[in-house]
Each structure stands twice: as C-alpha cells, then as structure tokens.
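Please keep the sequence and the coordinates in view while reading.

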Amino acid sequence: LDYQHVQVPFEITLWIMLASLAKIGFHLYNKLPSVVPESCLLIFVGLIMGGIIYGLNDRSPPVMDSDIFFLYLLPPIVLDAGYFMPSRPFFENIGTILLYAVVGTIWNVFGIGFSLYGICQVKAFHLQDVSLLHNLLFGSLIAAVDPVAVLAVFEEIHVNEKLHILVFGESLLNDAVTVVLYKLFRSFCEMPTIKSMDVFAGVGKFFVVGLGGVLVGLSFGFTAAFTTRFTKDIRVIEPLFVFLYSYLSYLTAEMFHLSGIVAIISCAMGMKRYVEANISLKSHTTVKYFMKMWSSVSDTLIFIFLGVSTIGENHEWNWPYICFTVIFCLIWRALGVLVLTFFVNRFHVNTITSKDQFIIAYGGLRGAICFSLVFLLPDFHRKKLFIAATTVVILFTVFIQGMTIRPLVDLLAVKRKRESAPTVGEQIHIRFLDHLLAGIEDISGHWGQYYWKDKLEYFNSKYLQKILLREYDQPKSSIVLLYEKLERKHAMELAQAGQLGHSPAQPSFLCSAFLCSSSDRTVITDQKLEDTLNPAVLDNIQEILARNLYRIRRTGPAYNRHTLPGDTEPAEQAKEILILRHKSL
Amino acid sequence: TGGVPRVPAPVTSVLSLAVTSEQIEHLHRRFKQLSQDQLTIRKENFDSIPDLEFNPIRGKIVHAFFDKRNLRQESDGLADEINFEDFLTIMSYFRPIEMNMDEEQLDRFRKEKLKFLFHMYDSDHDGKITLQEYRNVVEELLSGNPHLEKESARSIADGAMMEAASICVGQMGPDQVYEGITFEDFLKMWQGIDIETKMHVRFLNVDTIAHCY
C-alpha cells in the first residue's frame, strides 16, 4: 500500500468529492435549500467532519491554510463574479458602491476598533493587555464584508438588481481598503514608534493599492483580448487563455502587494467584451461552465473548511469580548449604512429606500476572508482570542443573518428582481435613451454621465476595437447580440421539436445567417456576409423569423383548450404576416 | 445682450417653475453660444456642436427641438426656428423627479417624458408608430456599424414590433391587423423601465423651486 506516494492529491480529491456529494445531498431534499441557505449546511457538514477528525485523532484538525485559501480557493470565485457582473448597473451605481466600500469600511474599522478598546478597559473582563493597535488590527480584518458569503446568500433571495449590485459591489471592492488597513496596522504593531508620516503613507498607499490593482487587471485583460485575436486555428485552447490571464493578474497584483481581487475583477470586466467577440461559441460555453464549476467547488470547500477549522483548540473563549464584537459589528454597520445613504440620497434622484438600507446593513456578512486573515496574524499571546471572536462572528452572520434574511425580505416586501425575459424592444429603447441623453448633454454643454459614457464608447470603437478584435469580425451591438441569442434559442427549440423539417434547405440558411456566424468562422470568411444573404434567402429567413416570433406570441397569453401551443395553422400565420407586411409597406 | 438675462414671465409659467434661475442663466449662455447671439436658433445652428456629429440619432434629436408638438403648441408640424423660451421648454422634459410629488403628479410627469419619446419615434406625426418608422429607428441606432446588414436591422425591427404587438394586444385573431403602436401601447411597453429616474440630465437638479407667479 503506497499511500505516502499519492497522499496529497488523494486527500485533495477526497475533500472535493465530499464537497460535491454534500451539494447533491442538499438538493435531493427539495425543501431544504429554501429554508436554510447552502452555506449554513456546508459549514454544518464541516463541523461534523471536524468533530469526527478531532474525535479520531484527539488533536486539532488541519486548519485551512491561509495560502491555500488566498491563492487557490478565492480567485475562481472572484473571477466568476467579475466575469458575469452586469456592467450596466455596476457602473451606474459605481459612485455609491465606492462610497460604501471605501468610506463605509473605514468607518466600520475605526468604529469597531475603538469601541472594543473601550470594552478592554473594563477591569472585570481581564482584557487590559489588548492594546489599541491590536484592537484596530482586529477591527480591520473583521469589518470587511465578504463577497463569498454575500454571493452565497443573495443568490438565493433574488432582490432587485440595484440592491444586489450595491451589496455585492461593495463586498468586492472593499478588498483594497481591507488589504491596506490590515497591512498598515500589522506593520504598526511591529514598529516601535509611529509618526504621522506613516499615517499619511498609509493613506497614499490606499490609492496605490486600489488604482494599481485596476491597472494591472486592465493590462492583463487587454493582453488576453489581444491574444485571442490570433487563436482562430487553435480553438481548443481558447478558454485556457481567459483563465490563465486572469489568474496571472491576481498573482501579479498580490506579488506587488496590490489588491488581487480588484485586479482580477478589472481583468475580467475589461477583457470580456473583446474575448467574447473573438472566441468561438463552443469556447464561450466552455469558459462559462468551467468558471461556474470552479467557483462552485471553491465556494463549497471554503465553507466546509470553515466548519472544520472551528473545532479544535485554537480558541480562547472570552465571552464578553466575543459578544461585544458581534454587537459592535452590527451597530457600526447599521450606523454606517444610515449615514452614508443619507448623503447618497441627497445627490441622487434614484433614492435608496429604508427597506433597501435595512437589507444592505443586514446583508453585511462576514466570511472566509476574515477567517484567513486572522490566522495570518503574527503570533502574539492574544491571538486565540481573536480567532475565537472571528469564528463566532462568521458563524453568527452566516447562520443567523443568512437564514433570517429571506423571511425578512418577504416580510418587508423588498422589491424583488424582475422575472421577465429580456426583450429586444427593451434593448432598443434603452440604447435610444442613452443616445438621446448623450445628445442632450452635448447640446446643453454639460459634461455628465452620458457624455463620458459616449466618449468612452467612441474611444472604444475607434481604437480599442481595431486592435483587440479580429479583422473581419465586426463588433455587434448588444441589440444584435440579444436578438441573435433569442433567435438561436428559438431555432434550436424548433429543431428539437422537429418543426424546421419543412424545407430542408432552410436550416442551413438560418444557420449561416445566425448560428454559424460565431461558431464556424471558416464558412463566413470565404464569402463576405453580404453574399450569403441574397434576396431569396432573405425572404426565407424573414419567413422563418416571423413564424418563430409569431410562435412566441401565441404561446404567451392564450390557453386554448382545443389547440396545443405550437400547434398553430401555418396558413393562418402566413396570412396574418402578409397582412402586416402589406400594411406597413 | 449681456448681464443678467431678462427671463420673460411666460417662461416660468410654462416650465411650472422647476428650474432655478441659476440654471436658466447657464442655459441662456449656451443658447447664445449656439445661436451666435441671435434671438432664435435654426436647425443649422446645431451643426456647430462637434460631439453631436457622432450621435447616431442626431437627426431625431435636432428634429425634436423643432417639433411643434413638443413645444406645447396646438398646431402640428415643424417650426423653422425656436427662441429661448422654446429651448427651455424642450429642456424641461429632462428635469429630474422631485421629492414631494404625489401619485398624480408622478403619473403626469412620466407621461410627459414618454410623450416626448413617442414623438421622436413617430416621425410622420400620425399618432402611431408604424413598422416602417420602427425600422427607421433601429436602422439609425445601428448605423454606427458600417458592416451591419440593413436587412438585419430590418429583421430586428420586425421582431421588436412583434414583441410589442404581443405585449399590447395579446392574442390576435386571424383577420386582425396590428396597425402600429399607439401612445397607450407605448406606455405599456415602457412599464418595466423607470423612465422618471432614467430620463434626466443632472444639471437640472432642483434645489429650490422658485415661485414667481
């Protein structure tokens, strides 16, 4: 039995297997995920595992190594978040998000740090040896909202888009602040004296960390887009570039002590547009599925390890300190959100209601980042106290806040996500509005939001797209993309239902016009797009389209007892379409 | 002309007093710049705005300024030139929502903005957006892309029109014909989008509401 030889990969695979089996297990019993969020269940499984290991070995189970967390488990989740981030709501609310992320986090750090220091002064708690600096250091790692936990919980409750993006965006961007403050206080702990120069250096460092992260991310993102320009002949490794460049951006940022999370998000958001235009449809699907898979596995593993690491002898249970930590976290978060929202609402037309504010404050979940940071602390005699406090805070937020947020959302009747399908008409209207507002801003001589957006688009189309996109691939506007996506979907549904079999020649025309435009470029490159769409073909396409779209309409509102949806008379439809067409000509 | 602009009394009543005098001054300055110190602007004056050139719906925007329906005049058609009062009238369509509006005011506010948009879509002024007009809009929107097929723009417009028909009319009988999108249908289509908060330009933020009857 050669266990030593395979031990490490074997154990890793076993852990991942356990995580995945646990996930299957939860979803087998249908009602469970709706009551208890998945993250809670996973921590629970981890607790059980930890208990078993402790019982068997009679020593503390392996604690999640901070390196493993920061280098292997966290990047896939953040990459997934950044790549699929809806950029429109994100940039529309970027001011508010940054305000919460930066000012809010600083407020929380100092608030929690100082109030805990006040608690330490009370003689009865035996905490006098915890200095102000230590408290501030603890504050800096416990104050930050955790993107993994937020994602896990908010994904299941479907609040309205704006609320979701505010909480989520804040949790991602506060990494820059957390990194700076944590490192700052840690270095202060080791320095004999602190001069005011050091404090200013800290403030300056924040800008370096944040902006540096963005720069690193964007440069890797654009390089990735540029690389995919040349991958026409080796489609198989296209998805790999997306992952490699993103991971490199994360590691490079960490290497320079910049914010890795901000870097990987900027990389993903920067490259998404161009990469998606360059890579084939199959590669796109591969990227999507791999990203989701990795982030899902990471997410599960993190929570299980959180559970496992809770058991053991790493803790010093000083209950007054721990309880006050929890209380102060809640109080300062609520105060911070209230004050900041007051300022935001004065400058914004679209106000954040008090219900939304409550959810933002309540949704400030702490998670594995705090946990790993506390283990990275230098060994001093009170470290175990901090570990215990962190564990309790995380368990409290994930279990209690995580479980109760859904009933609260229902109770307060918070505005939920609009569950309607995207329509082409909406895209057209939104785009129209964008151009209209940009035009009005130009006419009135005001350099506002739409003006800059317009300028950026212009810069993009004139310079960036020429460099980063392949020559003969014309960038498609979002209207066209959505339309093609819907058409593909309908064509596939019809093909599956066997409806496209009417005329054998037609599927290929439909194919060449819409489907193959992204998946099989070799067909198009030989002839220009104009040539494939000669009038006879066009008429066919128009007819197919009209028929398909007519099908959407019919299957929508009407339930007819005598005909099944989809079982409509072709002649009837054709007649109606003809009437419509003739009227409009 | 110089110094503090003499704001004529009809202006303030027309705008329902939602723009401060500071902003009126700023707009007046801009108006003078565009009109080259004349009292009225013509369509050609809008050519002097460099950034507007790249806007795909430039024609429609400029047209909207001269559209008599937007200028709250009872007549129809296009004005040849507009004065500062008309300029302000058009700008007032883009003022932001006010905190103390009640339900009825909010509804009127929203309808006003949507009517402005409707007039932009409905270029032949017949009160309906026909398929051809919709196609025209989509073609203009996608005109920034030289390689995109005119036919693709047409089919997209066709698709959007069908969607609109399904929202507005629901199921249609076999002999029914969908003429075009009326204003009521247009309102239905925009139900999901909160136009009151989206369609505004920030400089028109209200600080005080000047009552100068």
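The model is predicted. A search of the whole structure finds five cavities of 30 Å³ or more, while the second largest pocket holds about 1,100 Å³ of space. On the surface, nine named residues of chain A, listed below, form a nonpolar patch with about 780 Å² of accessible area together.

**Second largest pocket**

- The volume of the second largest pocket is about 1,100 Å³, and 33 residues line this pocket.
- Closest to the centre of the pocket are A:Ile12, A:Ile68, A:Tyr72, A:Leu73 and A:Leu301.
- Four helices of chain A each supply at least two lining residues: H1 (3-28), H4 (66-83), H11 (238-255) and H13 (281-310).
- H13(A) gives the largest share of this lining, with eight residues.
- By class, the lining comprises 27 nonpolar, four polar and two charged residues.

**Cavities**

- Five cavities of 30 Å³ or more are found in the whole structure, and the largest cavity contains about 80 Å³ of space.
- The largest cavity is lined by 13 residues, of which A:Tyr100, A:Gly104, A:Asn108, A:Glu170 and A:Arg333 are the closest to its centre.
- Two or more residues of this lining come from each of H6, helix H9 (161-190) and H14 of chain A.
- The lining of the largest cavity divides into six nonpolar, five polar and two charged residues.

**Nonpolar surface patch**

- The patch consists of A:Trp107, A:Ile327, A:Leu330, A:Ile331, A:Leu335, A:Leu338, A:Val339, A:Phe342 and A:Phe343.
- Helix H14 (residues 319-347) of chain A provides the largest share of the patch, eight residues.
- A:Trp107, also a member of the patch, lies in helix H6 (residues 94-120) of chain A.
- The relative accessible area of A:Trp107 is 34%, so this residue is classed as partly exposed, a term that covers values between 20% and 50%.

**A buried residue in chain B**

- B:Leu27 is located in helix H2 (residues 21-35) of chain B.
- B:Leu27 counts as buried because its relative accessibility is 0%, and the limit for that class is under 20%.
- B:Leu27 and B:Phe84 are 57 residues apart along the chain, and their C-alpha atoms are separated by 8.8 Å.

Technical notes
Residues are numbered from 1 along each chain as its sequence is written. Chains are lettered from A and ligands numbered from 1 in the order in which they are written. This is a predicted model: local features need pLDDT of at least 70, side-chain atom pairs count only at pLDDT 80 or more; totals for chains, interfaces and linings use all residues. Side-chain values use heavy atoms; hydrogens and water are left out. On a 1 Å grid over the protein atoms alone, a cavity is a set of points where a 1.4 Å probe fits but cannot get out, and a pocket is an open set with protein on both sides within 12 Å along at least five of seven lines; lining residues have an atom within 4 Å of a point. Grid points are joined across faces, edges and corners, and a volume is the space filled by probe spheres set on the points. Ala, Val, Leu, Ile, Met, Phe, Trp, Tyr, Cys and Pro count as nonpolar, Asp, Glu, Lys and Arg as charged, and the others, Gly among them, as polar. Patches are made of residues with over 30% relative accessible area and no salt bridge: like charges are joined within 9 Å, nonpolar side chains (Val, Leu, Ile, Met, Phe, Trp, Tyr) within 5 Å. Accessible areas come from the Shrake-Rupley method with a 1.4 Å probe; for residues, only the protein chains shown count as cover. A salt bridge is a side-chain nitrogen of Lys or Arg within 4 Å of a carboxyl oxygen of Asp or Glu. Buried means under 20% relative accessible area, exposed over 50%, partly exposed in between (1.4 Å probe, protein chains only).
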